[in-house]
Amino acid sequence: MTPTITVFANSPDRGRGLARDMPVRWALEEAGRAYEVRSVSFAEMKGAAHKARQPFGQIPAYEEEGLTLFESGAIVLHIAGHCPALLPAEEAARARAMAWVFAALNTVEPPVFDYSLAGVLEKEKPWHDERRALLEARIHDRLGNLSRHLGEADWLEGAFSAGDLMMISVLRRLNGTGLLEAWPAIAAYVARGESRPAFIRAFDAQRALFTQSQAQQAQPLKESDTA
């Protein structure tokens with residue numbers, strides 16, 4: 001059965017590949033698996049039908065052969081569990097790759113996500129500059145530790161894995177902030193991930209959906225649509 005992922009009908013990332021369906025798309029492309037997409041509006045995300053798939057009314061949701069999953073990390077690990085290119089068969093290597101998935105989401109992402117939100121929601125607050133500096137310091141601490149582990153290697157644990165996929169998906173939120181440039185090894189690591197053919201296919205698919213939704217919104221109403 002071809003899996004279906006539920007995604008934004010009109011993604012707030014404006015086609016930059018930052019929405020949480022992106023790592024799921026990327027994992028499916030790395031696994032060489034076709035997939036279908038169900039797009040939902042913001043209103044539909046809060047409806048009963050979608051919450052039956054995703055209890056918190058978010059995206060993505062994943063459906064396949066009677067299995068319904070939510071949370072991008074859980075979905076990526078499920079896909080990777082059937083793809084040796086994402087999770088190696090050797091037990092220790094497999095466990096290390098899984099550990100990096102959790103590190104990406106639990107250790108690296110919180111300050112990165114807070115930083116991106118602060119720039120949008122807290123910009124006019126009197127304490128914005130102080131909080132921004134605090135978050136930047138936390139991010140640099142995380143990037144410094146990650147850079148020291150990576151060293152001169154291409155990937156976190158030898159071969160590319162689900163851990164790299166999720167880590168790079170998180171780090172891409174820093175593109176354009178100038179923070180990655182302070183850590184050349186990490187900037188190059190992100191660029192390597194973005195150059196993978198599977199990433200490019202996933203990015204293009206996500207961007208095409210956004211472009212299509214924008215075009216549809218821009219179309220003038222027909223007389224029959226207003227009758």
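Tutor: A pocket here is an open set of grid points with protein on both sides within 12 Å along at least five of seven lines, and its lining residues are those with an atom within 4 Å of a point. Please keep in mind that this is a predicted model.

Student: How many residues line the largest pocket, and which lie nearest its centre?

Tutor: Rolling a probe the size of a water molecule over the atoms shows where empty space is left. In this case the largest pocket holds about 870 Å³ of space, and its lining consists of 32 residues, with Leu18, Ala19, Arg20, Phe113 and Arg173 nearest the centre. By class, the lining comprises 15 nonpolar, nine polar and eight charged residues.

Student: Which helix gives the most to that lining?

Tutor: Helix H5 does, with eight residues; H4 (72-80) and H5 (91-121) each supply at least two residues of the lining.

Student: Turning to the sheet, what is the order of its strands?

Tutor: Strands of a sheet pair through backbone hydrogen bonds, either parallel or antiparallel. Here four strands form an open sheet in the order E2-E1-E3-E4, with mixed pairing; E2 (36-40) and E4 (67-70) are the edge strands, each pairing on one side only. On average, neighbouring strands of this sheet are turned by 25° against each other, direction ignored. E1 (residues 4-8) pairs with E2 in the parallel sense over five bridges, and Val37 in E2 is the bridge partner of Ile5.

Student: Which strands does H4 lie across?

Tutor: Helix H4 lies across E3 and E4, running at about 135° to E4, whereas helix H1 (residues 21-30) lies across E1, E2 and E3 (61-64), at about 145° to E1.

Terms used:
Residues are numbered from 1 along each chain as its sequence is written. This is a predicted model: local features need pLDDT of at least 70, side-chain atom pairs count only at pLDDT 80 or more; totals for chains, interfaces and linings use all residues. Side-chain values use heavy atoms; hydrogens and water are left out. On a 1 Å grid over the protein atoms alone, a cavity is a set of points where a 1.4 Å probe fits but cannot get out, and a pocket is an open set with protein on both sides within 12 Å along at least five of seven lines; lining residues have an atom within 4 Å of a point. Grid points are joined across faces, edges and corners, and a volume is the space filled by probe spheres set on the points. Ala, Val, Leu, Ile, Met, Phe, Trp, Tyr, Cys and Pro count as nonpolar, Asp, Glu, Lys and Arg as charged, and the others, Gly among them, as polar. Two strands pair if DSSP finds at least two bridges between them. Axes are lines fitted to C-alpha atoms, for helices over the stretch in contact, and angles run from 0 to 180 degrees between N-to-C directions. Contact means heavy atoms within 4.5 Å.
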